[in-house]
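Here is a short report on covalent links, strand pairing and charged contacts. Keep the structure open beside the text.

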Amino acid sequence: MKRIAIFLTAFVMIIFPLESAFSYTVETPRWGVSAPDATRRTNGASLQIPGQVLVQKKGEAVPELYLFDPAQQTLDDVINQLKHASDVIHVQPNFDYDAVETRPWRVSIDETPQGGVSTVMYGDNTSFHTVATAVSNDQFISDQTYLDQIHVGPVWDHATRGSHEVVVAVIDTGLDIDHPDLIDNIWTNKDEIENNGIDDDNNGFIDDRHGWDFNHNTYQPEAKLDSKGYTVEALTHGTVVAGIIGARGNNGIGVTGIAQTVQLMGLKALNGLGHGNTLDVVKAIMYAKENGADVINMSFVGHLKDDILKDAIRDAYESGIIIVAAVGNDGASDTSDDVGDLDINPLYPGCIDEKVAGKNWILGVASVDQKDRRSRFSSFGTTCVDLVAPGEGIFNTQIWNASIGGLEKAYRGNWNGTSFAAPMVAGAAALIKSYAPGLSAKEVYDYLVYNADDIVGKNSELTGKLGFGRLSIEKAFTSIDTYAPASAFVSAYVSRQKKVIERSFFVAGAGQGMDPWVRLWSYDGILQHEFLAYDKTMKAGVSVALGDVNNDNELEIITGPATPAVSPVRVFNLKGVLLKEFQAFPSHIKIGIHIASGDVLGNSKDAIVIGAGNGGGPMIRVFNGDGEMVSQFFAGDRAGRQGISFALGDTDGNGIDEIGAITSIAKKNTITFYNAYGGVERVTSVQEGALPLGRDIVIAENAVDTGEARIITGSAQGEQADVKIFSLDGRMVKTIPLFNRLLKSGITLTLADANADGKKDIIATPRRGGGPQAQMFDLDGK
C-alpha cells in the first residue's frame, strides 16, 4: 500500500498524451474492449483513470479491468483486496500516457505557400543550415533537413530503400491510411476479408485489415473526431510519426520516410486529445507481436512506473521485436537544476526497462537540433537514453482534411518534440531489418547505438546523458556490411537465448599517466563510446575485461588499476553506468591488477578473476558477480614479485574455464592451468627462454579444425614486439612480428571475432610508451 501511494505522487506524460485505468469486479474486458474515459484534471493531465484497476493474472495475456466507486472505496483498499489471490501477478492503476508536441523558441520556420520550409533559422539570427537534398525525387525532400543529418541517402543508394516484408507498428493517435504518401505503405492483413463482419483469421479482431483502434474497439485505425474532443496537434500526431518512419519515397510527390518501402501497422491507443492508458497500450503491443510486427514505435510518455506495461514490452522484445520510444519533453534550456533529467524523474515507457541491470529492451530516443545540440525541451539521462535524433522543425505528412482548420494541407512543418526523433530510429531499424533480416533485436540495437555520431563536444554539460550519440544510418550499415555474418542477410527465425554473447567492439583502458578513460572501439578503429572509470586524479592506468557477471545475457565492463593504486574493482554496463565496486586486495596494499572474466566456477555464470600486477606476488583471487571472494591461491613461486600473467579458457572441452598462468616453478617458466580453487589441471612446458615472466597471455579455444586450443602470448617489456603462439603441449606454432621491431614497450593482447568469420582474431596493443595503436590479425598471422 505504501508503494502504491508513492507511485501516485508522480505524474504521467509523453511526447503527446495518453490515459489510464483501475477496476473492481464489475467488468472484465476482452481484447477488443476499451477502458472507459478518465475524469481529467483541468489542465488535461491525470495520473490514472479514477475508479479503475488492472489485474494481471497468471496465464492470462490481457490484464482484467475492474471498476469501483471512488466515493465508496479507496484505491489502496481495492488493490489490497485484489492482490492476495494466488493467481494474481500485478494489481495497479491503469496509468495515463500523453503524446506532447512542443514549439521551442530556438527554431522558427517560414512556410512556403505549398507548406514547404524555405528557411530554418536559429535564435541567434546569424546561423543558417544549408540542406543538401538526398537522392530521391520526392517533391518536398529539401524541406526534410534531418535526412542529411542522419546520413540516410547513401544507404538508399547503395544498400536498401526498405522492404514490404518489414512491418512497423505505430502505437499512437491513429494514422491517415488514405494519405497519398502513406496509402501504398499501409499494412494489410491478407488473411482478413474486408468488411464481411467475420474474424476470418481467428485472431480475435473482426475486419482488421490495416490495424485496430483500441479506443473505440473498431477495425478503423484512423484518428477520429468524437465526443472526447480533440486538438489538431494530437489528432494528426500519429500520421506525422508514420510519415517520418515510412512515407512512400521516390514517388515524385510529397515527402519520404526513412524506410521508403515498408508496411505501417496502425494501432490507435491514444485519443484525439493525445491521451491513452495502460490497458489500450498493452493490447496494442500484444496485437503487434501476434500479427507480425518487426518494429514498434511509441511516441508517448507517462510519469508512473507500470509493471504490466513492462511485462508486455519485455515479452515483445524477447520475441524479437525492436522497440523504440521517445523519452519525453520535460527538459529546459538550463540543465543546472536537473529539469528533464531522467535519472531523477524517469518517464515511461522509455525508462521502463532495466538498463542498470543490463536489460535493454527499448531504444530510448532524445532530441537534438540541426547542429546536434540537445533540444532545450528534450529530456536526458544516463540510463534511459540510447540515441538522439533530430526533433526540431520536422516537415512531414499530416492528416489531410480540408474541413478541419490546420489540416487543409497534406504536409506541414515545424513539428518539434522527441515524438518525432523516435520514429527516425524506428525507420532506421526498419531499413536494417529490410537489409539484414536475420539480425536479432539486440544486434540491431548494437549496430545503431555503437555507430552513432559523437556529439559530446556540442553538449559537454551532458556527457553520458545523451546516449551513444546522434543516429548515423550510413555508419550503421557500413558496420553491418563489415561485421555481420552471412546468416544476417537471410530471413529466418533465430533463437536469441544464446550462451555466447556476441559483440561488435573491443574495450581498451587508458595507460599509466593518463586520465582513466575506458573506450569502446569498433574493429575498424572507430570510437563507439567512452567514460571515466575513476576520478581523473587516478593516473595508474586501467585494466579492463568483459564478462556477463550479472548473468543477464548482457556484457559488463570490469575495471581495476593497472599499476599500484588503491582504487577498487568496478563493474559498469556498456554505457558506463557504475553497477558495483569492491576491493580485490586490502586497501593498504597498493598493487596493480590483471582482470579476466569467465565461467571458472562451472555454474554457467561469469566470475571475476583478479591477478596481482608487477610488484605483487603471483596471487590469484576469484570473485563471484556480486564481488564476494570465492577462492584465492598462489600460481607458481610465491616469493616472486612480478605479479602474474594469466588468461581464461576451456582447454579440455568440459564447459568450464581454466586459469592458464605463466608461472615460474623451480626457475623454469611454464604455463600452468588451474581450476578456480588452485588445483593444477595441466602443465605445459615450452622451449627454454621462449616464455619470460611478464609476457601477456590469452587462450584461443577451438583454434584449429581439430578443436584444440592455442596459447597466445605477447612480448614482455624489453623484448622485441611479437606474438608467440603455442600448442597445448608447448610446441611453438608461430611467431608473428608486431609494429616496429624496435618497439620494446611490451604487448597487451585480447581475442575477438573481428571479421565475423566465426574464428577468434588477435588484437594487440603496446603498453606504456608504445603509442595509442592497435593491430588485428588472425591466428595465421594475416
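The model holds 1 disulfide, a term used here for a pair of cysteine sulfur atoms within 2.5 Å. Cys-351 and Cys-384 form it, with their sulfur atoms 2.0 Å apart. The link of Cys-351 and Cys-384 is right-handed, with 125 degrees about the S-S bond. This pair links distant parts of the chain, 33 residues apart. Cys-351 lies in the loop between strand E11 (322–326) and strand E12 (363–368). Cys-384 lies in the loop between E12 and strand E13 (387–390). Helices (H or I, at least four residues) and strands (E, at least two) are DSSP runs, numbered from the N terminus. Cys-351 is buried, at 11% relative accessible area, and Cys-384 is buried, at 4%. Buried means under 20% relative accessible area, exposed over 50%, and partly exposed in between (1.4 Å probe, protein chains only).

This is a predicted model: local features need pLDDT of at least 70, side-chain atom pairs count only at pLDDT 80 or more, and totals for chains, interfaces and linings use all residues. Residues are numbered from 1 along each chain as its sequence is written, and side-chain values use heavy atoms, with hydrogens and water left out.

Next, a sheet. 4 strands form an open sheet in the order E23-E24-E25-E26, with antiparallel pairing. Two strands pair if DSSP finds at least two bridges between them. Strand E23 (593–598) and strand E26 (629–634) stand at the edges, each with a single partner strand, so one side of each has no neighbour in the sheet. Strand E25 (residues 619–623) and E26 run antiparallel and are joined by 5 bridges. Met-619 has Phe-634 in E26 as its bridge partner.

Now the charged pairs. The structure holds 20 salt bridges, each a side-chain nitrogen of Lys or Arg within 4 Å of a carboxyl oxygen of Asp or Glu. Three of them are listed here.

| Salt bridge | N to O distance |
|---|---|
| Asp-311 and Arg-314 | 2.7 Å |
| Arg-470 and Asp-453 | 2.8 Å |
| Glu-581 and Arg-570 | 2.7 Å |

Asp-311 and Arg-314 are 3 residues apart in helix H7 (residues 307–318), so about one helical turn separates them. Asp-311 is partly exposed at 21% relative accessibility, and Arg-314 is partly exposed at 29%.

Arg-470 and Asp-453 are buried. Salt bridges that share partners join Asp-372, Asp-453, Arg-470 and Lys-475 into one network.
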